[in-house]
Each structure stands twice: as C-alpha cells, then as structure tokens.
Amino acid sequence: MNDDSTARLRAWRWIHTWSSLACTLFLLMLCITGLPLIFHDEIDAWLDAPAGAAVSRREAPAQDVDAMAELVRGRYPGRAVRFIVWLDEPDQYRFGLSPGAPGQKPFALVDARGPEIAGEAWSEKDWRHGGPMAVLLRLHTDMLMGLPGSLILAGMGALFLASLVSGVALYGRYMRKIPFGTVRRQRSRPLRMLDLHNLAGIVLLAWAAVVGLTGAINTLDSFVFAAWREHAAARQSAAPPPGPPAARPLQAAVDLARRTLPDHDVSFLAMPGSLFSSEGAYTVFMQGRTALTRHLLHPVVVRIHDGALISAAPPPWYMWALEGSRPLHFGDYAGLPLKVIWALLDLAMIAVLVTGLYLYLPKRRRRPGPAGSPRPAP
C-alpha cells in the first residue's frame, strides 16, 4: 500500500470513527423512540385516542365551512382560527386555534351535522398532556427542546450520513481480504463483532441512508413552510385585480379547490398569516387518493376578498421532499406489513450501533503496561 492509499485509509477511518461516535447516542435514542412511533396509528387506536388525533386520509362530505367557523368563533371569542382539518370520521373537523389562557386546549372538534362543538383536543406533540406517545414523538423530533433540538438532530443526521459514506469506503478495503458475509467465529470476540458490525451495516446501508436523510429533512419543516409562504406571497402580486367579495369565503375557497383538482381530496384549509398560508389568501391543501400521493399535499391558493384563484401550480420541490419524507421515514405508506419490516430494520440498526460502541470502548480502556512492555494488539 503506497503512502497516498495509507493516508486516504486513515482519513476515512478518522471520519467514520468520530462521525459515528458523535451521533451514536442520539441515533440510539431515535431508534428506540422511533420503534413504537412506527405503529403510532395502531397504538393510538388501541389506547382509544381521542377523535382528531390523526389527520384525515379520506375526505368528509361537503359541509358549510363558514357556519362551522362562526360557531367556533362564537364559542372561543378572542381566539383566531388558524386552520381547519378534515378528519377520518365523516362530518368531523378539527379547528386549530390561536393560544388562549393557560390550560386551554389548542384544538376544537366540530361535528358538522349540527353543527356543534364535539369537544377539544391537545396537540399530538404536546408531551405534557398528550400521553406517552406524545412524549416519544417530541423526543424523536426535537428532544423536548423545540427548534434548537430539531437543529441538533438535523446535524446528527448529517454526521450519520457521513459515517455511512466513510463506512462504505472502509468496507471496500475490508472486502478485499475476506468474502462477503464472512463471520470469523473461530477468532476472538472483538473480531467476530467487527465482522457482524460490518455485515449488518452494509446490508442496512440503503435503508439507513433513506431513514437518516428523511429524518434530517423532517427536522426542517418550519423552514420549509416559511419558504413556501414567501413563494406564495410572490404569486399573489401577479394575481388579477379583485372582484366583488365572496358571500361565503371559506366554503367558496374549498369549492374552488375541489373544482381545480377534482382527483384530489381536501386535507386542510389554512387561514391567512398562519404558518401554512401567506397574508391575504386562504390555502386549501389537497391530497391524492393513492397510497403514495395521499402524502403529497398540493396547495390551492385563493384570494380572501373575492375567492379568486391565485395559484394551483404544483408546489416547489422542497415541499414535496418534506411531505414525501414523512411517511417514508416511518414506513407509513404500504400498510402494516411494511411497518413490521421497518421495525425489524430498526432493531437491526440498534444492533449495529451497539456493536460499534462495543468495538470502540474496549480500545479506550486499554492502558500501557510496565515500562518497556508492549501494548496489547488491537
């Protein structure tokens, strides 16, 4: 091996060792908390979670959205409606409200058959009130730290991807010495663990890269929607001049979105100035009807004043990258069988992380012997 090859090998080893060590404890936490989150819907159903805990994947029948909004505003004066979500159960809606007094729940549940207020709900990310699954979700998304925690996890995701790339570079040299899949059972325990670590790591490479990349993307959702608001605001400046005001602006926006994208269902309607919509416009987010497209939201932007269509163009690539990464991260786009596969791969990744720590920590515990005596061979 020439000097250049030796230097490259040392560089890859250094990158793999320290990028892995920096993120291993975070990855263990993410794998452990992510395991039950894979079965989030099933666990919620088993625990009899309150209605409105999950966003709809089926469109409820058409209702008078303006009448329901007036009902909610009358019940909660001083609290603005920020968005309206179409729920799984027919005629059931969830209204997101601006913050109220301490202890007030952020969501109102509306039964459109009255219409009447059917109850209230906490956010699924409110770990103080949402139960054990809410705690796990917040730990998994931001470690109960909000935006700083999300950014830390995004950095850990980048280090994880660096460890995968460097691991592949090292595995290429490793494979020159022994056949693929070899586990040298007759050798020492550390050597057997090294073989198992390398084998499991290379088998899980593609899955680990997908989960790591989608997880890092998911931590940036607030930045993605902020960029989308700027994008939508720029479209408004090119819209035609306003006409006469719409009599029922919310229902008119929903009806226009349905006519514009007839092969889609309504997912939720965002009010002006919220995280999901720009000033001066309603944004109706539509979803497809197939296993894949139901996770890709297509926004229809409607002007408040007269209900005119501002934009129904496909969203920027970063919006679909975010929406597509969410179900892919948890294996939530092909039913229970894929979730089981995701869970098994998650357990295998925990084994890779544990064996990686096992291989590193004994080296750190070694101490030099008496003067002149050799160190133990690695």
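Tutor: A charge counts as sitting over a ring if NZ of Lys or CZ of Arg is within 6 Å of the ring centre and within 35 degrees of the ring normal. Keep in mind that this is a predicted model.

Student: Okay, which residue lies over the face of Phe107 here?

Tutor: That's Arg94, at 4.8 Å from the ring centre. Phe107 also belongs to an aromatic cluster, together with Phe83, Phe225, Phe268, Phe276 and Phe285.

Student: How do I read a pair of rings?

Tutor: You describe it by the distance of the centres and the angle of the planes. The count in this model comes to 8 aromatic pairs. Take Phe83 and Phe276: their centres are 6.1 Å apart and their planes stand at 85°, so that pair is edge-to-face.

Student: Where in the chain do Phe83 and Phe276 sit?

Tutor: Phe83 is in strand 1, while Phe276 is in the loop between strand 5 and strand 6, 193 residues apart. Both Phe83 and Phe276 are buried. Now try Trp207 and Trp342: with centres 6.2 Å apart and planes at 80°, they're edge-to-face too. Trp207 lies in helix 7 and Trp342 in helix 11, so this pair ties together parts 135 residues apart in sequence.

Student: And strands? Which residue stands opposite Phe285 in strand 7?

Tutor: Pro299 does. Strand 6 and strand 7 run antiparallel, joined by 7 bridges. Strand 7 also pairs with strand 8, again antiparallel, over 2 bridges, and there Val301 faces Ser311.

Student: Is strand 7 mostly covered or uncovered?

Tutor: Mostly covered: 7 of its 7 residues are buried. Leu297, Pro299, Val301 and Arg303 point one way, with His298, Val300 and Val302 pointing the other.

Definitions and conventions:
Residues numbered from 1 in each chain as written. Predicted model: local features only at pLDDT ≥ 70, side-chain atom pairs only at ≥ 80, totals over all residues. Heavy atoms only, no water. Buried < 20%, exposed > 50% of the residue type's maximum accessible area, 1.4 Å probe, protein only. Helix = DSSP H or I, 4+ residues; strand = E, 2+ residues; numbered from the N terminus. Pairing = 2+ DSSP bridges. Phe/Tyr/Trp six-rings, centres within 6.5 Å; stacked < 30°, edge-to-face > 60°.
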